[in-house]
Amino acid sequence: MRTRVGYAGGHKQDPAYHDLGDQAETLRVEFDPAQVSYEQLLDVYWAGFRPKHPGWGTQYRNAIFVGNDEQRRLAEEHKRRLEEAAGDELAVSIEAAGTFWPAEAYHQKHYLRGDADLMAEFLGMYPDEEAFVDSTAAARVNGYLGGYGDPRAGLGKLGLSLEGQHRVVEATARRIRFTCLI
């Protein structure tokens, strides 16, 4: 439903990008379990990320922040299965979520911010920056622009103009072609 980048996993109160203390940069995903399960989210996480190196210090450590015992159990189970299949240990810690501190506005919706025309359209839809960041539509379009999912299904329901929808489809098609060429 929503995504927000920020900081978690440490003790520093009210961290900022240039003053994180022991916090890690992270992504918070708000989801509706009637639409997608936690296990499905873990599948997406592990499909794109199987680290064998611990990351670059505290700020960039590899971690899954869990909100309850059931999420911890599922995350540990997924990790254990992948380690058994790989025959190697994965460098990912599974930690209690604790307090999530949202990152500064300019860090939010990174891919979407890279398209000035789409940003102008979204900012015209929302009364302020916080509403934009909290928007399910902005989260979806940001994901599409990042190469996640197929925007053609349901794009018309996100409030974008036909031109905006076309921009998303074209940008996604270019990203897919570029990814295949690498």
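Contact is defined here as heavy atoms within 4.5 Å. The structure is a predicted model, in which local features need pLDDT of at least 70 and side-chain atom pairs count only at pLDDT 80 or more, whereas totals for chains, interfaces and linings use all residues. Residues are numbered from 1 along each chain as its sequence is written, and side-chain values use heavy atoms, with hydrogens and water left out.

Val-5 is located in strand E1, which spans residues 2-8; strands (E, at least two residues) and helices (H or I, at least four) are DSSP runs numbered from the N terminus. When neighbours within four places in sequence are set aside, Val-5 is in contact with Thr-26, Leu-27, Phe-100, Pro-102, Ala-103, His-107 and Gln-108. The relative accessible area of Val-5 is 25%, so the residue is partly exposed; in this classification, buried means under 20% relative accessible area, exposed over 50%, and partly exposed in between (1.4 Å probe, protein chains only). A separation of 25 Å is found between the C-alpha atoms of Val-5 and Arg-152, which are 147 residues apart along the chain.

Helix H4 comprises residues 116-125, and its buried residues are Leu-118, Met-119 and Phe-122. Viewed down the axis of H4, these buried residues fall within an arc of 100 degrees and therefore line one face of the helix, the arc being that of the directions from the helix axis to the C-beta atoms. The face turned away from this buried side carries the exposed residues Ala-116, Ala-120 and Gly-124. At the start of H4, the backbone nitrogen of Asp-117 has a side-chain oxygen of Asp-115 within 3.2 Å.

Aromatic pairing was also examined. Rings of Phe, Tyr and Trp (its six-membered ring) pair if their centres lie within 6.5 Å; planes under 30 degrees apart count as stacked, over 60 as edge-to-face and the rest as tilted. The rings of Phe-122 and Tyr-126 are stacked, because their planes lie at 5 degrees and their centres are 6.4 Å apart. Phe-122 is buried, with a relative accessible area of 0%, whereas Tyr-126 is partly exposed at 22% relative accessibility. Together with Phe-132, Phe-122 and Tyr-126 form one aromatic cluster.

How values were computed: A polar contact is a pair of N or O atoms within 3.5 Å; within protein, one must be able to donate a hydrogen and the other to accept it, and residues adjacent in sequence count only if both atoms are side-chain atoms.
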